[in-house]
Structures are given as structure tokens and as C-alpha cells.
Amino acid sequence: MYVCLCNPFTDKDVANVLRDASVRKTTAHVYKACAGGQKPCCGSCLCVIKDMVAHHQNQPDMLAAE
Ligand code: FES
């Protein structure tokens, strides 16, 4: 499922970035990693990314098992 349409990337892209130990687990850093360094345009996807980051921080083992 596409998370961001302005700089297109999917929920799988976000999950892959969340597994990457070299990326800080903040909404801004995860977005930048998923969008190839681009900044958000409309920002409507940031709530979804923020929720995925929070979920990852609370249950990191679940994403690692996917
Ligand atoms: S949908 Fe992600 S910045 Fe617009």
C-alpha cells in the first residue's frame, strides 16, 4: 500500500527502513530515507509514518519477524 503519493513509497519501504539500523527512528529521518532524501510536500502521510515508527519502537520484534 502506498503511504506517500508526493514522493511515492509504500508501507513495505517504511518497514524496510525501520529495520535499517543506520536510520534514526524518527518520523523525519524515516521519511527522508523512504523518499530518497526528498522533503514532504503535502504532509498528509506523516501521521501514518509516525504511527509506524511508534509501533516499531513498542514492538520491534514484530517487524523483524515479517
Ligand atoms: S503524501 Fe506524503 S508528502 Fe504528500
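Of the 66 residues in the protein chain, 20% are buried, a residue being called buried if 20 or more other C-beta atoms, placed from the backbone, lie within 10 Å of its own, exposed if 12 or fewer do, and partly exposed in between. This is a predicted model, in which local features need pLDDT of at least 70 and side-chain atom pairs count only at pLDDT 80 or more, while totals for chains, interfaces and linings use all residues. Residues are numbered from 1 along each chain as its sequence is written.

The protein chain contains four helices and two strands, and from the N terminus on its elements run β-β-α-α-α-α; helices (H or I, at least four residues) and strands (E, at least two) are DSSP runs, numbered from the N terminus.

Helix α1 covers residues 11–19, and its residues V14, V17 and L18 are buried. They lie on the same side of α1 because they cover an arc of only 100° around the axis, the arc being that of the directions from the helix axis to the C-beta atoms.

V14, V17 and L18 also belong to the largest nonpolar core, which has 12 residues in all; such a core is a set of buried Ala, Val, Leu, Ile, Met, Phe, Trp, Tyr and Cys residues joined through C-beta atoms within 7 Å. To this core α1, α2 (27–34) and α3 (46–58) each supply at least two residues.

In the loop between α2 and α3 sits Q38, which is partly exposed because 13 other C-beta atoms lie within 10 Å.
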